[in-house]
Amino acid sequence: MGTFDLNLARVFVLLYETGSVTATAETLHVTQPTVSYSLGKLRRHFDDELFRRNGRGLTPTAGARRLYLPLQRALAEIDGTVRQGDLFDAATMSGRFTIALSDLGEATLLPRLVAAARERAPGVSFTVRPFDVEDAEGQLRRGDLDAFVATPVITSHLTVRIPLFRERYVLMVAADHPRVRGDAVTAGDLAAEHHATVFGPSGHVTPRALLGAHGLLERVAVDATRFSMLPYLLEQTDLVAIVPEYVGEVFTASHRVRLVRLPFETEPIEIALYARHESSRSPAQRWLVQFMAEVLGEQVSPAQLPPTAAR
């Protein structure tokens, strides 16, 4: 069957995960013809086509699907053994990373991330793209993104999901709202008010789902596209909005809004970091994922605190 070296295994795993010769070549810092040549060797070695072209890239064959997990795990073990000599020194090296965040993430998590980077990794810079729930995983696989943070659970064996923190929902209102007083509302209060909601590509659908579950969608007066507009809207009107609690706390620090407990329990949401498998990351990407998990995972949402401490 001929020789089979580690470089061929890495090419195979990257082709499988990215579905792209271009993205594989960029990750390995080689030319596209080099990747195509390696793919030819892989096909001859396994006597299998391995990948077929379609309109969106490469689709693995049944033979490739059988090979992926054993080769991916073997690479992960080897990389873990040799990684000590292959590190990205953020304190002295420079790098630009492309990450995707929802507008909530840009307003609440990005400042925390950049502040930590300015202190620990002054040579690091970021390009931030809007999070699109339909295409984020594809962008990650193609190499268009280095990582993204999301609330929706995206299940795929091609990416890794790293939980960061959990938080619950509260009601946000103007600080001087004419009717909503105190630190809690009843179901009747909630039904009597008009609501602002958000519908867009971020996949953050829980507030609308909660209103729908309680028959309150007809009380929606404004349905906008970005959560970050909510504090500007609420502080100038008598509308109310259901928001994640940590996000609401960030908004109360800079806007004339306050938070009120909802009259029903809501399932806490989990914010997670998504990235390629570790064996498919560059040294710089390995640093980025660890850095983001440490900095954003440090966030302790009120949903994680004992009930007395969360009030």
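Phe126 is buried, at a relative accessible area of 16%, where buried means under 20% relative accessible area, exposed over 50% and partly exposed in between (1.4 Å probe, protein chains only). The model is predicted: local features need pLDDT of at least 70, side-chain atom pairs count only at pLDDT 80 or more, and totals for chains, interfaces and linings use all residues. Residues are numbered from 1 along each chain as its sequence is written, and side-chain values use heavy atoms, with hydrogens and water left out. The chain contains 13 helices and 12 strands; helices (H or I, at least four residues) and strands (E, at least two) are DSSP runs, numbered from the N terminus.

**Overall architecture**

- The C-alpha trace of the chain spans about 80 × 40 × 30 Å along its principal axes.
- Of the 311 residues in the chain, 48% are buried.
- Among contacts in the chain with a separation of 6 or more, 76% come from residues 24 or more positions apart; a contact means heavy atoms within 4.5 Å.
- The chain carries 33 positive and 36 negative charges, whose mean positions are 4 Å apart.
- In that charge count, Lys and Arg are positive and Asp and Glu negative, while His and the chain ends are not counted; the place of a charge is NZ of Lys, CZ of Arg, CG of Asp or CD of Glu.

**Aromatic pairs**

- The structure holds 10 aromatic pairs; rings of Phe, Tyr and Trp (its six-membered ring) pair if their centres lie within 6.5 Å, and planes under 30 degrees apart count as stacked, over 60 as edge-to-face and the rest as tilted.
- Phe97 and Phe126 form a tilted pair, with 6.5 Å centre to centre and 40 degrees between the planes.
- This pair links distant parts of the chain, since Phe97 belongs to strand E3 (residues 95–101) and Phe126 to strand E4 (residues 124–130), 29 residues apart.
- Phe97, at 3% relative accessibility, counts as buried.
- Phe148 and Tyr274 form a stacked pair, with 4.8 Å centre to centre and 10 degrees between the planes.
- Phe148 lies in strand E5 (residues 147–150) and Tyr274 in strand E12 (residues 269–276), so the pair ties together parts that are 126 residues apart in sequence.
- Phe148 and Tyr274 are both buried.
- One aromatic cluster is formed by Phe12, Tyr16, Phe51 and Tyr68.

**Surroundings of Leu140**

- Leu140 lies in helix H7 (residues 136–142) and is buried, with a relative accessible area of 0%.
- Not counting residues up to four places away in sequence, Leu140 touches Leu145, Asp146, Ala147, Phe148, Thr159, Tyr274, Ala275 and Arg276.
- Leu140 and Arg276 are 136 residues apart along the chain, and their C-alpha atoms are separated by 7.0 Å.

- Most residues other than glycine have a negative phi.
- Asp47 has a positive phi, near 50 degrees, and is found in the loop between helix H3 (32–46) and strand E1 (51–54).
- Leu50 also has a positive phi, near 70 degrees, and is found in the loop between H3 and E1.
- Asp47 counts as exposed at 70% relative accessibility, whereas Leu50 is buried with a relative accessible area of 0%.

- Pro207, Leu210 and Leu211 are buried in helix H9 (residues 206–213).
- Seen down the axis of H9, the buried residues fall within an arc of 100 degrees, so they line one face of the helix; the arc is that of the directions from the helix axis to the C-beta atoms.
- The cover over the buried residues of H9 includes strands E7 (169–174), E8 (195–198), E9 (220–224) and E10 (241–244).
- His214 lies in the loop between H9 and E9 and counts as partly exposed at 40% relative accessibility.

**Separations across the chain**

- His214 and Glu49 are 165 residues apart along the chain, with 53 Å between their C-alpha atoms.
- Glu119 lies in helix H6 (residues 110–120) and is exposed, with a relative accessible area of 69%.
- Glu119 and Ala23 are 96 residues apart in sequence and 31 Å apart in space, C-alpha to C-alpha.
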